[in-house]
Amino acid sequence: MSDKIIFRDLQVRTVLGNDSWERKKQQPLLITAEIHTSIASAGKTDKVTESVHYGIACKRATSFAESSHKLHSLEAFAEGIAKACLGVTNRALAVHIIARKPRALLHAEYAGVEIFRTRKEALGSWGDDIAQEGDETEDEFARRKALVDAERAAAEAEAGRLAQEDRIIVKTLSLSTIIGVNLWERHYKQLVHIDLVLHTAKPTGLAALESDKVPRYRNFRTVVDAVTDLVEKSSYRTVEALATAIARTATKQCKVPKITVRVEKPSALVFAACSAVEITRVLGDYAAMSSAAVSVAPTPARAASPVAAASSDDADKAAKSGTHSAYIALGTNLGNRLENMHQALHRLNTDLPTSHVVESSFLYQTAPMYVTDQPAFLNAACLVKTGLEPLALLDELKRIEAEMGRDFGMYRNGPRIMDLDILFYDEIDMQTERLTIPHALLHERRFQLGPLCDIDSDLMHHRLGKTTGALLRHRTTHSDAPDDIVRVTPLRAVNAAVDAGAGAGAGECNESAILKALSPSSQKETVFMGILNCTPDSFSDGGDFATLDLAVEHAAALIKSGADIIDIGGQSTRPGATQVGVDEEIRRVVPVIQRIRELGITAPISIDTFYAEVAAAALDVGADIVNDVSGGSFDAKMLPLVARRQCPYVMMHMRGDPSTMAKMNDYSDYGSDVVRGTRFELAQRVRAALYCGVPRWNIILDPGIGFAKEGAQNFEFLRRLPELTARNIRASAKNAAALLATGSADSEEGEEGYIDEDLATGLAHYPVLVGSSRKRFIGQATGKTEAKDRVWGTAATVTAAIQGGASIVRIHDVAEMVDVARVSDHIYRRK
């Protein structure tokens, strides 16, 4: 066992990252160092020179701490302190450092880091080789060398668990939450004190030790933000459930490989300071829920994986892509902005060598910045996997801009056809005359931060010491934040990339592309999708519009009554319906779409089909939107088609097919929770669409009211509609026992806990379409057996959908529902 020279709670002042208000200010830091050495000689001779002088160690630590080191992370700071202490003398064999930052977090006592470094790890060697002295015999030299080796081995052994890991510590995070089983505890929030220890693998090699970059799994701010959001919204009955949920959030959401969580409840016991639970968990303790683990009868929706749904060309492209991750911003304010966006995304996916677009953001309309006397912009971002190095990637982006017609002679920050900026590239920090990564102005640009956070809000801006999410909050939450960025959804197709193999720009795009603000914070009026069934057997109006003239006349009537979109279908999807085939479906719908366009009706047309061939034929003659009840699971060609044709895509949740779906409403694998099951299965389809290249901004979600859902499930879904696109959902009390049985409930009283869903992708911010019009479950409540008699029952569901945040309602009785929705809009949207 080695001896130690210790100084404790040395206070220094330095600028290190951000303070609790996320400012770069001088802050106090407390340093404790245990320097491992041997004091045997000093103990005999009483000479300080035979030991490690703690005064010198303190001075060197202070000198380093208060120098202009320009570090951002506690980890790099602790490494610097370790080197300062070990540099005092060769007698310093190892050091155990605890660096604490009391002003790091607003609601915690401190954030800190704990490391153990041997002299060899920190400085590259133990020091000068042991040499035999002139008057020293061979035996004396051997004994001295053996003693030194033993002292070094003892120092290494002292590391214990810190031999393999470093620890990031958050001490006494104080949060308020509902916690407890007693009646009064269900009414009042209590303080809980939470300690977090993030266990991370020790860096190997001097370069890694000296790195000032903090991966997201070591970013205590990201973890604390996620934990705070969880705890303050929760209402668990047991401290055990709360601690488990915190550990799960840290490991699964924040990717922390291992965490120790201690939760103290100070008010629990009258004659004790607190009750507490402490647990240590790793990611593997929370088995991921996958489609393979769900035993619902197989359906096309479950069978299709993102890879299976992709075309062979897409798979080849992905295989050839590099391993670097580049986040690229897109912006345009000249010409047809929507077509420009799609052209740029298409080029990024096809024209960049060894590159592949793997994810895109939502689309934003933004006010011009810097030079304000110019048209509004459309902005987005995408994640590209690439084999190109940063400067080579920059050259390729400039080439694409030039080929799209950008005028590089335009004044700085002026209008442009397309602007492509590299925001992040892996985790590198580079500054050259041509390129700065992360982007030099990212921190002040909401129009880039907003789209970027759609893809990843935890990217670390190492130069600023903040995540992209924190940077966006800083630009959006202060009182002077301008309202200059609106998320928009296209309701028109872009006919630039066609099936015949033409590249982007091969066809003329409709210049009157419609962009609708469909987010709850900005949408003021509901969008109406009027139903036109060109079928003889639809449940409500089958045969009513069987001739071309009747169908076109009804389309015009829908528009006159207030429909924004005409949804045309040639295949009934009522329960029990049989499929008519591609040719018959095309025969029914294509002439109707052609005639509508010939008459000059310019409203967006949606084609209601689950066949790619039907969708392509409809788009060719003027349709704009594909409305697919199967979410791309019936026809593997559908998602690649939608990606190529760059059209809005309504993705509905369904199981089986119309002939079998009525028997597939068992959601017991999801704790009998229809909302949870729909979220899980719909997220799989969204991930498949994103993989195939469908832009996030073109996807509209439909929960599939009446599809693989029986009467009570439909009412429950309408009541809980906001949960479809929520970040997390809770278990309902009635489902607690089932959830507990599957191991995914937070507590026996599942009502208070968040569900461990493990979605394939998040569903937040996607616009939602609800199609409840005249459906059977309404008749079950009203006693109306005839579908056409369910108008006012439908009105109640439309109101519920609007209250629940639906952006679009699909309806038969447009005139009546317009009045219902307009009043509902005034109640629920115009706050």
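## Salt bridges across the chain

Start with Glu185 and Lys265: their side chains form a salt bridge, with 2.8 Å from N to O. These two sit far apart in the chain, at 80 residues, with Glu185 in the loop between strand 5 and strand 6 and Lys265 in strand 7. Keep in mind that this is a predicted model. Glu185 counts as buried because its relative accessibility is 9%, under the 20% cut-off. Lys265 is buried too, at 9%.

Next up is the salt bridge between Arg218 and Glu75, at 3.2 Å from N to O. This pair links distant parts of the chain, 143 residues apart: Glu75 belongs to helix 3, while Arg218 is in the loop between helix 6 and helix 7. Arg218 is buried at 12% relative accessible area, and Glu75 is buried at 13%.

## One more pair and a network

Arg445 and Asp421 also meet through their side chains, in a salt bridge of 3.7 Å. Arg445 lies in the loop between strand 15 and helix 14 and Asp421 in strand 13, so the pair ties together parts 24 residues apart in sequence. Both residues are buried.

Elsewhere, salt bridges join Arg347, Asp351, Glu396, Arg399 and Glu403 into a network. The count for the model comes to 49 salt bridges.

## A buried loop residue

Asp456 sits in the loop between helix 14 and strand 16, and is buried at 11% relative accessible area. A polar atom of the Asp456 side chain lies 2.9 Å from the backbone nitrogen of Asp458.

## A patch on the surface

Tyr188 is exposed, at 59% relative accessible area.

Conventions. Residues are numbered from 1 along each chain as its sequence is written. This is a predicted model: local features need pLDDT of at least 70, side-chain atom pairs count only at pLDDT 80 or more; totals for chains, interfaces and linings use all residues. Side-chain values use heavy atoms; hydrogens and water are left out. Helices (H or I, at least four residues) and strands (E, at least two) are DSSP runs, numbered from the N terminus. Buried means under 20% relative accessible area, exposed over 50%, partly exposed in between (1.4 Å probe, protein chains only). A polar contact is a pair of N or O atoms within 3.5 Å; within protein, one must be able to donate a hydrogen and the other to accept it, and residues adjacent in sequence count only if both atoms are side-chain atoms. A salt bridge is a side-chain nitrogen of Lys or Arg within 4 Å of a carboxyl oxygen of Asp or Glu.
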